[in-house]
Amino acid sequence: MSVLESIAPGDGIVILTGAGISKESGLQTFRDPDGIWAKHRIEDVATPQAFATNPEAVLGFYNVRRSQMGDADIKPNAAHHALGRLQGFWPGGVLVVTQNIDDLHERGGSTRLIHMHGELSKTRCNACGGIVEGLGDLDPEMTCQACAAVGTLRPHVVWFGEMPLEMDRIGDALAACGLFVSIGTSGNVYPAAGFVQEARAHGARTIELNLEESLGASAFHEARYGPATEIVTGFVDELEALARAGA
């Protein structure tokens, strides 16, 4: 039985997205054989310890990622736009929780959004916690405009060993939703990989939309596999038909 046969338009939806939803927009995923972690050691560029010992290397790595976000060819794809459209018509409300640090969801029209791993387009001060917008390059000699500390500015991203953002808000949403959808995730990064079990424990129906089976595929009530631009847009079209039928 499809998950759509057991939910109603008044049910809240929580959608978790990972790097797979942005791959068709031209952004590299992290865990593919040719992905980012195949070319860089996590320990060297994505930990607080790396930033403390070699800030030049860490900031250089993220400066490249930040410059890619300004590439005119990197645009939200049909899957991003479909989720933005879904937020506009679903009566029960839709929260997108993304592990991605790009801004493609916003550019695709999503407005109710949590970046649990931070946002590459923002800069944070390790000393005062101040956050500012901007995609310019960072270097270790920069001064925080809020507290005047030097060498404390870093990308506003969650590194390995740090706690993801807004976990309480995410937990509340998972406990209240009627449908949990996972899109383009590998299923091997916690705590996000445990969201499906958390949602199911509170009675939600669950579905995986992915290019291929994730490590946690067996935890979902239903799964659909294929390119995100096809399966996500098709699923949103089905939700729109359900919303219209219940109007």
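Leu83 lies in helix 4, where helices (H or I, at least four residues) and strands (E, at least two) are DSSP runs numbered from the N terminus. The model is predicted: local features need pLDDT of at least 70, side-chain atom pairs count only at pLDDT 80 or more, and totals for chains, interfaces and linings use all residues. Residues are numbered from 1 along each chain as its sequence is written, and side-chain values use heavy atoms, with hydrogens and water left out.

Leu83 counts as buried because its relative accessibility is 1%; buried means under 20% relative accessible area, exposed over 50%, and partly exposed in between (1.4 Å probe, protein chains only). Leaving aside residues up to four places away in sequence, Leu83 touches Ile15, Thr17, Ile21, His105, Ser110, Ile183, Val232 and Val236. Contact here means heavy atoms within 4.5 Å.

Helix 4 covers residues 78-89. Its twelve residues should span 16 Å at 1.5 Å a residue, and the end C-alpha atoms are 17 Å apart, which agrees. The expected span is 1.5 Å times one less than the number of residues. Buried residues of helix 4 include Ala79, His80, Leu86 and Phe89. Among the elements covering the buried residues are strand 1 (13-17), strand 7 (179-183) and helix 8 (228-246). Asn77 caps the N-terminal end of the helix, with a side-chain oxygen 2.8 Å from the backbone nitrogen of Ala79.

Five of the five residues of strand 2 are buried, so the strand is largely enclosed by the rest of the structure. Val94, Val96 and Thr98 point one way, Leu95 and Val97 the other. Strand 2 pairs in the parallel sense with strand 1 over five bridges. Two strands pair if DSSP finds at least two bridges between them. Thr17 stands opposite Thr98. Strand 3 (residues 113-115) is a parallel partner of strand 2 over three bridges, with Leu113 opposite Val96.

Ten salt bridges are counted, each a side-chain nitrogen of Lys or Arg within 4 Å of a carboxyl oxygen of Asp or Glu. Glu240 and Arg85 form one of them (2.6 Å, N to O). This pair links helix 8 to helix 4, 155 residues apart. Glu240 counts as buried at 19% relative accessibility, whereas Arg85 is partly exposed at 33%. Glu240 also bridges to Arg244, the closest N and O atoms being 3.2 Å apart. Arg244 is exposed at 63% relative accessibility. Arg85, Asp237, Glu240 and Arg244 are linked in a salt-bridge network.

Conventions
Polar contact = N/O pair within 3.5 Å; in protein donor to acceptor, adjacent residues only side chain to side chain.
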